[in-house]
Amino acid sequence: MEFIISDDLLGTFVPIFVYWLYSGVYVLLGFFDNYRLHSKTEEDEKNLVSKSTVVRGVLFQQFIQAIVAIILFKVTGNEDGSSAVPKSWPMVALQFVTAMFVLDTWQYFAHRYMHHNKFLYRHIHSHHHRLVVPYAFGALYNHPVEGLLLDMVGGVLSFLASGMTPRVSIFFFSFATIKTVDDHCGLWLPGNLFHLLFRNNTAYHDLHHQLYGNKVNYSQPFFVTWDRILGTYMPYSLEKRAGGGFEARPKIE
C-alpha cells in the first residue's frame, strides 16, 4: 500500500519544519562571536522576553498558521482533491516574483501602520520589538493578532494573487520562511547569499529593531523598494566590534 502525502499537507507543514531546522543551524553558529551583530551579553540583557516564552509564542502562531493554510488549500483546491501541476518553469518564476511583490507590499504598509498607530504598537507590535537583539527562532515571535494580520493575511494574498498551486507554495513559503529567519538571525556570515543578493538583510533589519530605527526600514522580507520610495530607508555600515563580531550602524548617504 503506497502512502502519499498531499501537496496541501506539505504546503502546510514543510515551512514550519524549515523554520525550526534553519533556526537550529543559526543557534549553533551563534556560539561563534566573530559573526555576531550583538554580543551574547547584549542578547541576554537587552531582550525583554525569555526564550521559552518566545518558543511558546512562535509555536502558537504556527498552530494558527497551519489552520489557515489547511482552510486556504481546501477552499481553493480542485473538487477531486488533486493538486494542479505548474505548466512551466517561467510560469513558476512569474508566480514567485508576483508573490514576493504582493507579500512585500502588504508587509510594508501593515508593518508601518502598526508603528504609527500608538494603540496597535503598544498593545500588539511591541511584542515583536521585545527582541531588541533579534535571533533566528524569534523571527515569528509576535502578538497573535499581528501574526494573523501581518503574516498570514500577507501569505494568503500572495498565494491568491500569484495563482500558485499548493505544490509551488511549498517552495515559495519555505523560501520566505528561510529569508525571514535569516533577517532576524543576528549573524553576519561570510558568503551568505542573502547578504549578497538582498539589501534587505540581517544588518538592515537589525537597525529597525534598535530604538533609533523604530521609524525606518519597515520593508520585509525581500526588498527595500517601499522604504526607498516612501522615505523610510536607512542604509547601514558594518563596523568591527572590539570584543569580536560586527555592529550595524546607520549610514549617512
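Modeller: Two strands pair if DSSP finds at least two bridges between them. Helices (H or I, at least four residues) and strands (E, at least two) are DSSP runs, numbered from the N terminus. This is a predicted model, in which local features need pLDDT of at least 70, side-chain atom pairs count only at pLDDT 80 or more, and totals for chains, interfaces and linings use all residues. Residues are numbered from 1 along each chain as its sequence is written, and side-chain values use heavy atoms, with hydrogens and water left out.

Biologist: Which residue stands opposite Lys240?

Modeller: Phe246 in E2 stands opposite Lys240. Strands E1 (residues 236-240) and E2 (residues 246-250) run antiparallel and are joined by five bridges. Five residues lie between E1 and E2 in this hairpin, and Gly244 in the turn has a positive phi of about 110°.

Biologist: At what angle do helix H4 and helix H6 pack?

Modeller: Axes are lines fitted to C-alpha atoms, for helices over the stretch in contact, and angles run from 0 to 180 degrees between N-to-C directions. H4 (residues 89-116) and H6 (residues 144-162) pack at about 155°, with their axes 8 Å apart. H4 is therefore roughly antiparallel to H6 (angles over 145 degrees count as such).

Biologist: Which residues of H4 meet H6?

Modeller: Contact means heavy atoms within 4.5 Å. The H4 residues include Val102, Leu103 and Trp106, and those they meet in H6 include Leu149, Leu150 and Val153.

Biologist: Which residues does the UniProt annotation "transmembrane region" cover?

Modeller: The unreviewed UniProt entry gives residues 12-32, 53-73 and 93-110; such annotations may be inferred rather than shown by experiment. In the model, residues 53-73 are 100% helix, with end C-alpha atoms 30 Å apart. Residues 93-110 are also 100% helix, and their end C-alpha atoms lie 26 Å apart.

Notes:
Parallel < 35°, antiparallel > 145°, perpendicular 65-115°, else oblique.
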